Amino acid sequence: YGFINTCLKSLVVEKYGEETWEKLRLQAGVQDSFLTFEVYKDEITMQLVDKACKVLGVPADTVLREFGKYFFEFCKRSGYDHMLRTLGGNLYEFIENLDALHSYLSLSYQASFGFGCFFPQEMNAPSFRVEKNEDGSMHLHYYSDRRGLCHIVPGIIGAAALDFFNIEISMKIVNQTEEEERTGKKEHIVFLVTQNPLFPCKERNEFSSSSQCLVDSEKQIENQPNKEDLEKAKNTNGDRGNSVCPVKKSHWKTLRGIITLGKGKLLRGFDPVYPKSLWIDTKTFCNGLPFHMVFDKELKVKQAGVSIQKIVPGLQTMGICLDQYFRIIHPEVPFTISSIQKFINSQFVFQTRREMMPESWKERPMLELRGQMMWMESLQCMLYLCSPLLRTLHELEERQMHIADIAPHDVTRDLILLNQQRLAEMELSNQLERKKEELRILSKHLEEEKKKTEALLYAMLPQHVANQLKEGKRVEAGEFKECTILFSDVVTFTNICAQCEPIQIVLMLNSMYLRFDRLTTVHDVYKVETIGDAYMVVGGVPVPVPTHAERVANFALGMIMAAKGVQNPVSGNPIQIRVGIHTGPVLAGVVGEKMPRYCLFGDTVNIASRMESHGVPSKIHLSSSAYQCLKYKNFEITERGEIEVKGKGKMHTYFLIRNKSATENEIMGRP
């Protein structure tokens, strides 16, 4: 389910950042987000774990252990906190009931995720079996079809022990095998679970006074309380501070535990009273518990509830073998008494065998039963107390059953009705989650389009000017006391146009302007406009900078170099350009509304244009004011002398040759 992948994403983002997740996701080739109730292939999760090991540079067992710890916290934050806390009063009971938790989750999920693994419903869930040891430790048996995921278990169990029972545990693999089960080979991992003390010795002994859950028998306290009895009740098992399943109790709960109740009976010393004979007749028992079966070591049925007999008529023949009519769905064990006894604390799910059902049942879905096994030592028989495993009214109808077939005291009635409502709510939640994901994707696309639009807008107007226009503000014209303007054009452009196809001209100009545009970014100058073959840039506008002349000069040198890479479509030789530069004051502002342009006005623009038109091919023509700004800036400049400039009379001009302190790669912005 997407819940697992979402948890893994949350772990990476929270601990290592969005960039690490994005890198990991791209390497794994998976999407960015996952729907909680959507089923995803196991390979996606495996890929994410594998890439996480490589990206983070840590072993797989460390990644899985960390994931286990985080998964526990993620489940709590996702609304499963109370459900997990109430699984058991100590760690032993908590682990013992994990299979029951998986069984519950399967009601809500068409495929479930589990502690230590993730699995679709049609596959096998992980199973847990726990054994108590005399020294206070436990052996935890973990069964799974997924190999290599066992290291998640110590992370989850360790986090639960610390959070719920305030104990720190160590888990060590003591055995690892593959067992042949009903559906094939299952990985069977055995962990040794021991407690690491967290408290000082005295406090730990008091805290562990109720940790007798790992021993097979418990000392009973005498009925009449006296000083010795109270002291014994207070310090029971006080020397077992290393037990892994003490019950987490407050000071007042400890006091209540030694208060006498009823006729001198201590709460800790509760001793049930059984009648000398069973005050219920056989008929009432079979009617009151309509879904139950009793069978012996040979699996021969000795007794069955009336509803099971109605659905599986073969059970009315006492002495038939139970495995002829049922198969065990969960846990994945062979149908033998020894296997059932091994998992006696697990919930058992039986499914009817299609070939043994009446003809009218052949087209219906098979009935599943879920319940607990109880071994009756005196009778050497097993009692299976169960209920039909039905999630919705639709499943009830498919099997042609009715609510009346289920005993009034059986909560399965309520579960079916409640789950029907819950499934409707989940479907609504799924739809909302899908819509949310669609909106997220649309929002992401919208943001991408917005960036493209802004990039296009910023290519036409300075960013601060464009932002003002977007906000609906009027952009006032601004005066810049000193800036440097550059004009360039292609030599013999008119002749080239006369001898070429229009498409050839477009391709030539596009090739040239792409090179020039890149150089504007390299030298941080503002491209004002292009008209035909004329290219205009400015330094010091719209953001005033003291180095405007140097920037434009370096840009001009780059233009001359870049033009050598553009081919003349007529001659096949590199094109030649003229460049003119002038420094002076300008007025700048936005002109027009339909296609607004950021334009420069003033005599400085005219003089810069004259420098270009009176220039020499493949030369950079400088006015005297531009020369004054550059003469002490490590540029090689030669004097041209006085020339006649149209509309301006005689002017003293110069040629820019090179930058003495910069290499060609630096000018061109190459590494």
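**Entry 1: rings in strands**

I looked up Phe-326 and Phe-350 and found both buried (under 20% relative accessible area with a 1.4 Å probe and protein chains only; over 50% is exposed, and in between is partly exposed). I note that this is a predicted model, in which local features need pLDDT of at least 70, side-chain atom pairs count only at pLDDT 80 or more, and totals for chains, interfaces and linings use all residues. Residues are numbered from 1 along each chain as its sequence is written, and side-chain values use heavy atoms, with hydrogens and water left out.

I searched the whole structure for aromatic pairs and got 16. The rings are those of Phe, Tyr and Trp (its six-membered ring), and they pair if their centres lie within 6.5 Å; planes under 30 degrees apart are stacked, over 60 edge-to-face, and the rest tilted. Phe-128 and Tyr-142 make a tilted pair, with 5.6 Å centre to centre and 45° between the planes. I placed Phe-128 in strand β3 (residues 127-132) and Tyr-142 in strand β4 (residues 138-144), 14 residues apart. Helices (H or I, at least four residues) and strands (E, at least two) are DSSP runs, numbered from the N terminus. Phe-128 counts as buried because its relative accessibility is 3%, and Tyr-142 because its value is 0%.

Phe-326 and Phe-350 are also a tilted pair, at 5.9 Å centre to centre and 40° between the planes. Phe-326 is in strand β11 (residues 326-330) and Phe-350 in strand β12 (residues 348-352), so this pair ties together parts 24 residues apart in sequence. I also listed one aromatic cluster formed by Phe-72, Phe-94, Phe-164 and Phe-165.

**Entry 2: charges over rings**

I checked for charges over rings (NZ of Lys or CZ of Arg within 6 Å of the ring centre and within 35 degrees of the ring normal). Lys-132 has its charged end over the ring of Tyr-92, 4.5 Å from the centre. Arg-129 lies over the face of Phe-343, 5.4 Å from the ring centre.

**Entry 3: largest pocket**

I read off a volume of about 580 Å³ for the largest pocket. Of its 29 lining residues, the closest to the centre are Gln-347, Arg-370, Gly-371, Gln-372 and Leu-385. Two or more lining residues come from each of α6 (98-108), β13 (368-376), β14 (381-388) and α15 (412-460). A pocket is an open set of points on a 1 Å grid over the protein atoms alone, where a 1.4 Å probe fits, with protein on both sides within 12 Å along at least five of seven lines; lining residues have an atom within 4 Å of a point. The volume is the space filled by probe spheres set on the points.

**Entry 4: backbone**

I found a cis peptide bond from His-330 to Pro-331, with omega near -5°. Pro-331 is in the loop between β11 and α13 (337-342). A cis bond also runs from Val-541 to Pro-542, with omega near 5°, and Pro-542 is in the loop between β17 (534-539) and α19 (548-563).

I noted that Leu-299, not a glycine, has a positive phi of about 70°. Leu-299 is in the loop between β9 (292-296) and β10 (301-304), and counts as buried because its relative accessibility is 6%. Thr-492 has a positive phi of about 60° and lies in the loop between β15 (478-490) and α17 (493-499). Thr-492 has a relative accessible area of 43%, so it is partly exposed.
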